[in-house]
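Biologist: I would like to learn how to read a helical model. Please show me, one feature at a time.

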Amino acid sequence: MTDRAPDHDHVIPLRPRTTRRDRPPREQPGSPRTATAPPRPFSAPAATPPAPAPAPAPKEPLWRDLVGEVLRRERQEQERTLKDVADAARISLPYLSEVERGRKEASSEVLAAAAQALGLSLGDLLARAQGELVRITSRRTARDRAVPRSPHDGLCLAA
């Protein structure tokens with residue numbers, strides 16, 4: 001006993017089905033052959049261009065990206081290598097690299113160890129990341145406010 005569906009359920013047609021109007025007339029058995037027009041080549045219906053998609057809303061920055069940027073900037077300002085900081089923090093070098101690039105969401109223990117290796121506290125690291133977040137989002141908010149919401153730019157006349 002099988003649970004398989006019949007084979008015709010698995011067939012995907014390569015050509016659209018023809019309607020009765022598109023089919024040439026059938027020959028009757030015993031009737032003389034008549035010349036029929038060659039079959040028309042298949043042509044796809046004209047596609048209408050898709051409507052332009054609305055512009056996506058700007059993405060909020062990810063916390064792991066912000067923390068990674070702060071760690072990398074601080075390390076580079078101290079002119080230290082990834083290996084030096086990773087050894088001091090007792091974190092693997094590839095993992096610290098991925099944290100700096102925002103590819104990994106590091107635990108608070110890993111962030112505290114990386115911050116301490118750079119001479120920062122965990123609070124300092126997170127405060128700097130929060131400052132980055134405020135800077136990025138306030139710039140976005142100011143840009144949004146600069147765009148007039150109406151063609152009258154807030155001007156209204158009443159009669």
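Biologist: At what angle do helix 1 and helix 3 pack, and how far apart are their axes?

Modeller: This is a predicted model. In it, helix 1 and helix 3 (residues 93–100) pack at an angle of about 115°, and their axes are 7 Å apart. Angles of 65 to 115 degrees count as roughly perpendicular. That makes helix 1 roughly perpendicular to helix 3.

Biologist: Which residues of helix 1 and helix 3 meet?

Modeller: On the side of helix 1 they are Arg64, Gly68, Glu69, Leu71, Arg72 and Arg75, and on the side of helix 3 they are Ser97, Val99 and Glu100. By type, the residues of this contact divide into two nonpolar, two polar and five charged.

Biologist: Where does helix 3 meet helix 2, and at what angle do the two cross?

Modeller: The axes of helix 2 (residues 82–89) and helix 3 cross at roughly 110° and come within 9 Å. Helix 2 and helix 3 are therefore roughly perpendicular to each other. Leu82, Lys83, Val85 and Ala86 in helix 2 meet Leu93, Leu96, Ser97 and Glu100 in helix 3. The residues of this contact are five nonpolar, one polar and two charged.

Biologist: How many helices and strands does the protein chain have?

Modeller: The protein chain has five helices and zero strands. Along the sequence the pattern reads α-α-α-α-α. Of the 159 residues in the protein chain, 19% are buried. Contacts can also be sorted by separation in sequence. Among those between residues at least 6 apart, 63% join residues at least 24 apart.

Biologist: How can I check the length of helix 1, and which of its residues are buried?

Modeller: For the length, compare the expected span with the distance between the ends. Helix 1 (residues 63–77) has 15 residues and should span 21 Å at 1.5 Å a residue; its end C-alpha atoms are 21 Å apart, which agrees. An α-helix has 3.6 residues a turn, so residues three or four places apart point the same way. The buried residues of helix 1 are Leu66, Val67, Gly68, Val70, Leu71, Glu74 and Arg75. Just after helix 1, Glu79 takes a positive phi of about 55°.

Biologist: Some of those residues are charged. How many salt bridges are there?

Modeller: Side chains of opposite charge can pair when their charged atoms come close. The cut-off used here is a side-chain nitrogen of Lys or Arg within 4 Å of a carboxyl oxygen of Asp or Glu. By this rule the count comes to nine salt bridges.

Biologist: Which residue does Arg72 pair with, and what does the pair tie together?

Modeller: Arg72 forms a salt bridge with Glu100, and the closest N and O atoms are 3.1 Å apart. Arg72 lies in helix 1 and Glu100 in helix 3, so the pair ties together parts that are 28 residues apart in sequence. Arg72 is partly exposed, at 27% relative accessible area, whereas Glu100 is buried, at 5%. A network of salt bridges links Arg72, Arg75 and Glu100.

Biologist: Which residue forms a salt bridge with Glu74?

Modeller: The partner of Glu74 is Arg128, with the closest N and O atoms 2.5 Å apart. This pair links distant parts of the chain, since Arg128 is in helix 5 (residues 122–146) and Glu74 is in helix 1, 54 residues apart. Glu74 is buried, with a relative accessible area of 11%, and Arg128 is partly exposed at 39%.

Biologist: Which residue does Arg64 pair with?

Modeller: Arg64 forms a salt bridge with Glu105, the closest N and O atoms being 3.8 Å apart. Glu105 lies in the loop between helix 3 and helix 4 (108–117) and Arg64 in helix 1, so the pair ties together parts 41 residues apart in sequence. Glu105 is exposed, at 53% relative accessibility, while Arg64 is partly exposed, at 29%.

Biologist: Which residues does Tyr95 touch beyond its neighbours in sequence?

Modeller: Tyr95 is placed in helix 3. Leaving out residues up to four places away in sequence, Tyr95 touches Lys104, Glu105, Ala106 and Val110. The C-alpha atoms of Tyr95 and Ala106 are separated by 9.0 Å, the two residues being eleven apart along the chain. Tyr95 counts as partly exposed, at 24% relative accessibility.

Key
Residues numbered from 1 in each chain as written. Predicted model: local features only at pLDDT ≥ 70, side-chain atom pairs only at ≥ 80, totals over all residues. Heavy atoms only, no water. Helix = DSSP H or I, 4+ residues; strand = E, 2+ residues; numbered from the N terminus. Expected span 1.5 Å × (residues − 1). Buried < 20%, exposed > 50% of the residue type's maximum accessible area, 1.4 Å probe, protein only. Axes fitted to C-alpha atoms, helices over the stretch in contact; angles between N-to-C directions. Parallel < 35°, antiparallel > 145°, perpendicular 65-115°, else oblique. Contact = heavy atoms within 4.5 Å. Nonpolar A, V, L, I, M, F, W, Y, C, P; charged D, E, K, R; others polar.
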